[in-house]
Amino acid sequence: MSDKKLKPAPLPNEGLLPEERGLFCDAAPREYEAAKGWVENFLNWARAESLWILGFGTGCGAVELRPLMTSRFDMYRFGIQARPTPRQSSVFVIGGYASVKTLKRIVRSYEQMMGPKFVVALGSCTINGGMYWDSYNTIKRIDQYIPVDVYITGCMPRPEALLAGFQELKKIIKSGNAEGQNLYARNFEWYKANQKKVIKDWNMPDYNW
Amino acid sequence: MNELATELAARYGARDWHDQRKDLASIWVDPIRIHDTLAWLKDQAGYVHLSFLTAIDNIERKAFTMAYTLRNHERGHSLIVHCDIDRDHPVVDSIHLLWGQAWTYQRELKEWFGIDCPGSPRKDEEFVLEGWDDLPMMRRDFDSLAYSQATYEDRPGRETADPAAHMKQKLYPEAPL
Amino acid sequence: MKRGQHHIIPPAERATPDLNSGKYLVMWQGPQHPGITGNMSLRLVIEGDTVVDCETHVGYLHRGFEKLMERRLYMQNFPLVCRIAVPEPDFNEYCYAAALEELAGIDIPDKAVWLRTLSLEMIRLASFLMWIGGQAGAFGHGTIAQWSVTMRDYVLDLFEELTGGRIYHMYIIPGGVRGDVPKGFLQHVLETMDTIEKNLNDIELVMFHNAVYKMRAQGLGYIPPDWVDTYGITGPNARGAGVARDLRKDLGYLAYPRLDFQPLVGKVSDAYERSQLRLGEMFQAIDLIRQIVDKMPKDGPFREKLPNPLYWKIPAGETYVAAECTRGEYGFYVVSDGTDRPRRIAVRGPSYTHAVSVMERLVRGVNIADVAGLMVSLHTYPPEIER
């Protein structure tokens, strides 16, 4: 496959000032093909057993991440570690509701993460708005804006529920079905249109790589 | 406390002193007097602590009611000072030189109600919302549910059951409601 | 700000350095950062390693509580109210329930008073335990968080036994509390308190006699006593500066007049002294819980009967109920207008002043490595700033 066929058109990046446009990425994300056979199984096993989560407490759910990280529930024995920067993490845990201001940072952090990347959504607020269903500032379905792999219900989900959710995520990864990143690249225009409808002051590149 | 009520009435035309509890009272002044009243209460009467300041939208009588809550630690008494300002041109004196946290409250009032406090530092900066272009959202004529349904999509499949209608359907389907 | 060089700056004036001179760097200690207490950000202007100017940006957690509460019935607000200050939900429930009881003229039975006090003291202990993990972690001392968050989990187990929920209890409702004490619960409370006290002694040994912690925390974030009234600082931040104000003693609400304790006061309010003060308050909370378990009446009703919550109308009026939470004065201002929904509810959180006005002033001149430690030593929680 030649490179020219796969390369998408450059993005307009209208949110940036004209003098800054050369500094930022203007290529849309692209899909990645899985490797063949036992290589992919091996890679999936490696990805599933070292899930590094991004240290971004986006909402209420962050308060149950503390017990998860410490000695009582200890996620580290499952290979899950918290990392401070998106460049080093592979799982983004959306801890509950997302206000519009946070959504902009969620999109930015998600796009800056290195692939393969997965999203775990906690709580009922990510599913249908939860108890802020009539609020002017919280979104009701996080999967309209970024792709989600696993939903964990609850308000708050207990740390045991979080561990069960991570087990589910590992199963999905090992079976080769964790395609959130490719879904995002395939439907990039749709996701971007949804994001821009809600985030009114878009002053970052269209794809934050 | 009645000496304080008489003193405020004599100095600033305060009225309607109301004792809510033995450590909480409220009083009304005219908006033009609000800065002097608060400054006097802070400097001379010992009400040194500003708990908070907020506004209530009394849309029926076309006014915003301001509420400044002060506390006197020596006597252990809190006083809420009210004043009514016009809802169509909401402007009130700024108290940012009296207390160091007042400018944040006034910035919030500008964003949430549209109340302007001239001279308050950084009052036009965005506080909690980004890129908001609708009505100030704490006003009672802003419909939060309508805005949410128009802007954010619902997940399909949600059913709402009104309990009264459901029970009627289940138990007495033939009876009138 | 380092100790000994406080200069009086008029409120909210910024340093406004010349950003085009090439000497300064604008850096966001942004919402995605492990070194901030929750989801808020600081826009720092740094020169070399030192912070010159700071702006606090909040609003990432704004759900519009005050608007949502106006749309719901009084009873429907209960699940909503506890989510305003996430690590300490019971203070919200208490202030809201007390405000409604005052406006509606309801008196609660004695056992409910004691159960409410027990609930508030337990959540105070849990919140401080999580805080101390964050304070040590901000300076790189990761062990304390592993111990203290586990101890906090034991307190949350107690809450689960009492109320059914770990984080959000919805236990304190108007009229009293939602349920009675289960069998064997008080024994569990005393056993857990013994475990936690042993662990707190270990924490004191490991953290407060540690040379690195002392070097980094002493002199950091000095709050002069005259800032306490100018900025409305309350709680351990104020008590550290020598101002002995504690709403539990001053207002005498719930069962506190019947308990034996004194507010703890420090001498100089810097990060080290404040953390010592908070450790002392943790021991005090354990002592208060033991006193409550000892003095609580064994039987009696735990709830007053309320009118039908679907049609409950509260007479018109307004009130302000304050409580002393772990960080300072926490208050609910409730205005009712005679219908079955509130007219206006305003929440006064202590972090409103601490994280915005005080933080922006204190962080000038501080090394960027210490900014996180300073923020945690003020003990701010973003959700109560923007509700």
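**Rings and chain contacts**

Analyst: Let's start with one ring residue. C:Y213 is buried, with a relative accessible area of 3%. Keep in mind that this is a predicted model.

User: What does C:Y213 pair with?

Analyst: C:Y213 forms an aromatic pair with C:Y272. The centres are 5.9 Å apart and the planes are at 50 degrees, so the pair is tilted: an angle over 60 would be needed for edge-to-face, and one under 30 for stacked.

User: Where do C:Y213 and C:Y272 lie in chain C?

Analyst: C:Y213 is in helix α7 (residues 211-217), and C:Y272 is in helix α11 (residues 271-295). The pair therefore ties together parts that are 59 residues apart in sequence.

User: And is C:Y272 buried or exposed?

Analyst: Buried, because its relative accessibility is 8% and the cut-off is under 20%.

User: How many aromatic pairs are there over all chains?

Analyst: The count is 32. One of them is A:Y136 with B:W132, with ring centres 5.6 Å apart. Their planes are at 65 degrees, so this pair is edge-to-face.

User: Why does that pair join two chains?

Analyst: Because A:Y136 lies in a loop of chain A, between α5 (125-128) and β5 (150-152), while B:W132 lies in a loop of chain B, between α3 (102-112) and α4 (144-151). A:Y136 is buried too, at 1% relative accessible area.

User: Which residues form the aromatic cluster in chain A?

Analyst: A:Y110, A:Y184, A:F188, A:W190, A:Y191 and A:Y207 form one cluster.

User: What about charges over rings? What sits over C:Y168?

Analyst: The charged end of C:R83 does, 4.1 Å from the ring centre. In a second case, C:R278 lies over the face of C:W131, at 4.9 Å from the ring centre.

User: New topic. How many residues does the contact of chain A and chain C take?

Analyst: It takes 37 residues from chain A and 34 residues from chain C. The area buried between them is about 3,000 Å². Carbon and sulfur atoms give 53% of that.

User: Which residues of chain A lose the most area to chain C?

Analyst: A:V63, A:R72 and A:M131. Together they make up 18% of what that side buries.

User: How many salt bridges cross that interface?

Analyst: Six, between chain A and chain C. C:R72 forms a salt bridge with A:D134, and their closest N and O atoms are 3.2 Å apart.

How values were computed. Residues numbered from 1 in each chain as written. Chains lettered and ligands numbered in written order. Predicted model: local features only at pLDDT ≥ 70, side-chain atom pairs only at ≥ 80, totals over all residues. Heavy atoms only, no water. Phe/Tyr/Trp six-rings, centres within 6.5 Å; stacked < 30°, edge-to-face > 60°. Helix = DSSP H or I, 4+ residues; strand = E, 2+ residues; numbered from the N terminus. Buried < 20%, exposed > 50% of the residue type's maximum accessible area, 1.4 Å probe, protein only. Lys NZ or Arg CZ within 6 Å of the ring centre and 35° of its normal. Contact = heavy atoms within 4.5 Å. Buried area = accessible area lost by both parts, 1.4 Å probe. Salt bridge = Lys/Arg side-chain N within 4 Å of Asp/Glu carboxyl O.
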